2 protein chains.
Amino acid sequence: MGPRERREREREEVRTRILDAARELFANEGFEAVTMRRIADRIEYSPTAIYFHFRDKEALLKELCDHDFGALAHRFTDIARIPDTIERLRQTGYAYAQFGIDYPNHYRLMFMTPHPPIDPADQELERGNPEEDAYAFLKLIVAEAVATGRFREGFTDADLIAQTIWAGMHGVISLHIAKCNDGWVDWRPLEDRTRSMVGMIIDGFTR
Amino acid sequence: MGPRERREREREEVRTRILDAARELFANEGFEAVTMRRIADRIEYSPTAIYFHFRDKEALLKELCDHDFGALAHRFTDIARIPDTIERLRQTGYAYAQFGIDYPNHYRLMFMTPHPPIDPADQELERGNPEEDAYAFLKLIVAEAVATGRFREGFTDADLIAQTIWAGMHGVISLHIAKCNDGWVDWRPLEDRTRSMVGMIIDGFTR
DNA sequence: CAACCTAACTTAACGTTGTTAAGTAACGGA
DNA sequence: TCCGTTACTTAACAACGTTAAGTTAGGTTG
């Protein structure tokens, strides 16, 4: 089946080019500022062509977000080898923050923008696997810290603790992305705020 | 000067009606979902009439946000009377969270959406005054805690600490607003997460 | 080989959006 | 009484996401 496969491959190639163009434009200028016509211009197709590969602009976004969730999780692969649980937690915090700093527009779409609830049926990403799911990675660290007695007494709910830690780091990054232009707060350097949050988290939970 | 004053008053009245209509629509449906035409319909004016009172949709938003920043600060007036510094800090955290829960759409526009930097010249709100500025209120508590030795040694930068505390609470609320529909996280109840964050903050900073 | 069909597009258009240009009616002051 | 400003309205513009209606190339089938 020669031609059949070639057509399939060509189709996939166009799809990828749309995604690449959209990713770059979204990352540089933000979702709302980028139009379907601009994406189409970039790859020298008509705007309508995009709709043959993606249902709508939101579907394009979702595909990119899914990819970025994976990219975030992959940042942790090296960290996973750190033997000390608390040190691993600390470095996870820093890596998470760095991701938000590196890709603020991606971060905004991934974590700061409400999306319509998606049908669990067409959920592509593998959730629960620490190598693919950043939350699962964090939860694993927390569970280990609980199991090995690194956390204070009474702190046993790994989900609750992980969600609190995540919220803390997310707060630093999202506040930075949304409010860094606001002159009325005498902002401390972002690195200091990141360090301070990681410190507060560790001081707050460890013995 | 009778007629002069009356005209002025009538003008202000229309302005207020526009603001009220916009506030309700924004709060219920979000900024992007509300059109100028819908606001105009609501007050039985033509869409163009709004532009006689506000430069554009963004200016309308800014005026509402400014009002809400004041409303947030006013939530703290009762709390300001709590004698114990740390208890005051705790209640401030809960009140902040409650504000975000009560007005998620307002909260999103105030703290989760990047806005173009505004000219300091036309800054209406009184910043730095704890009765009008929620951040100043928090910073005051932190400074008091530092001064009375309630925080650990080395924690002396009131701005850095206040920004870390703010980020923590903001993280809980903003993550809730943006991701509460995401089924892949086994979310603990929001009250538990709020309590957990307040606890982590206090355990993290106090002796 | 010819007829046909379908996949992968393009061009043109639709309905909405924020916003502006042009016109108008009412009213206060000279 | 005339004039000019104030406070609007109606009509229109450009840009947006999206869709309807062709069009063309290539593979499949009678």
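A residue is buried if 20 or more other C-beta atoms lie within 10 Å of its own, exposed if 12 or fewer, and partly exposed in between, with C-beta atoms placed from the backbone. Everything below comes from a predicted model, where local features need pLDDT of at least 70, side-chain atom pairs count only at pLDDT 80 or more, and totals for chains, interfaces and linings use all residues. Residues are numbered from 1 along each chain as its sequence is written, while chains are lettered from A and ligands numbered from 1 in the order in which they are written.

View 1. Most residues other than glycine have a negative phi. E44(A) sits in the loop between helix 2 (36–43) and helix 3 of chain A; helices here are DSSP runs (H or I, at least four residues; strands are E, at least two), numbered from the N terminus. What about E44(B), buried or exposed? E44(B) counts as exposed, with 9 C-beta neighbours inside 10 Å. Phi of E44(B) is also positive, near 60 degrees, and E44(B) lies in the loop between helix 2 and helix 3 of chain B.

**View 2. Chain A by itself.** Chain A is built from nine helices and zero strands, so to speak a plain α-α-α-α-α-α-α-α-α run from the N terminus on. Its C-alpha trace spans about 65 × 50 × 30 Å along the principal axes. Of the 207 residues of chain A, 33% count as buried. Take the contacts in chain A with a separation of 6 or more (C-beta atoms, placed from the backbone, within 7 Å): 64% of them join residues 24 or more positions apart.

**View 3. Helix 5 against helix 9 in chain A.** Two packed helices are described by the angle between their axes and the distance between the axes. For helix 5 (residues 85–102) and helix 9 (residues 190–205) of chain A, the axes come within 10 Å and cross at roughly 145 degrees. Axes are lines fitted to C-alpha atoms, for helices over the stretch in contact, and angles run from 0 to 180 degrees between N-to-C directions. The crossing of helix 5 and helix 9 of chain A is right-handed (near helix turned clockwise from the far one; left-handed if anticlockwise by less than a right angle). On the helix 5 side look for I86(A), L89(A), R90(A), G93(A), Y94(A) and A97(A), and on the helix 9 side for T194(A), V198(A), I201(A) and I202(A). By class, this contact has seven nonpolar residues, two polar and one charged. The classes go like this: Ala, Val, Leu, Ile, Met, Phe, Trp, Tyr, Cys and Pro are nonpolar, Asp, Glu, Lys and Arg are charged, and the others, Gly among them, are polar.

**View 4. Where chain A meets chain B.** How many residues of chain A touch chain B? There are 38 residues of chain A in contact with 38 residues of chain B. Helix 6 (104–112), helix 8 (158–179) and helix 9 of chain A each give two or more residues to the chain A side, and helix 8 has the largest share with 14 residues. That side divides into 19 nonpolar, 11 polar and eight charged residues. Chain A can be laid on chain B with an RMSD of 0.1 Å by a turn of 180 degrees and a shift of 0.0 Å along the axis, with the copies superposed by least squares on the C-alpha atoms of residues with pLDDT of at least 70 in both. The two copies are therefore related as by a two-fold rotation axis. Both copies use the same surface, and 100% of the contact residues of chain A recur in chain B.

**View 5. Y135(B) in helix 7.** Y135(B) belongs to helix 7 (residues 134–147) of chain B and is buried, with 21 other C-beta atoms within 10 Å. Leaving aside neighbours within four places in sequence, Y135(B) is in contact with V185(A), A162(B) and W166(B).

**View 6. The surroundings of DNA strand C.** DNA strand C has 18 residues around it, the closest being S46(A), T48(A), A49(A), T35(B) and D56(B); near means a C-beta atom, placed from the backbone, within 6 Å of the strand. This surface has eight nonpolar, four polar and six charged residues.

Technical notes
Contact = placed C-beta atoms within 7 Å.
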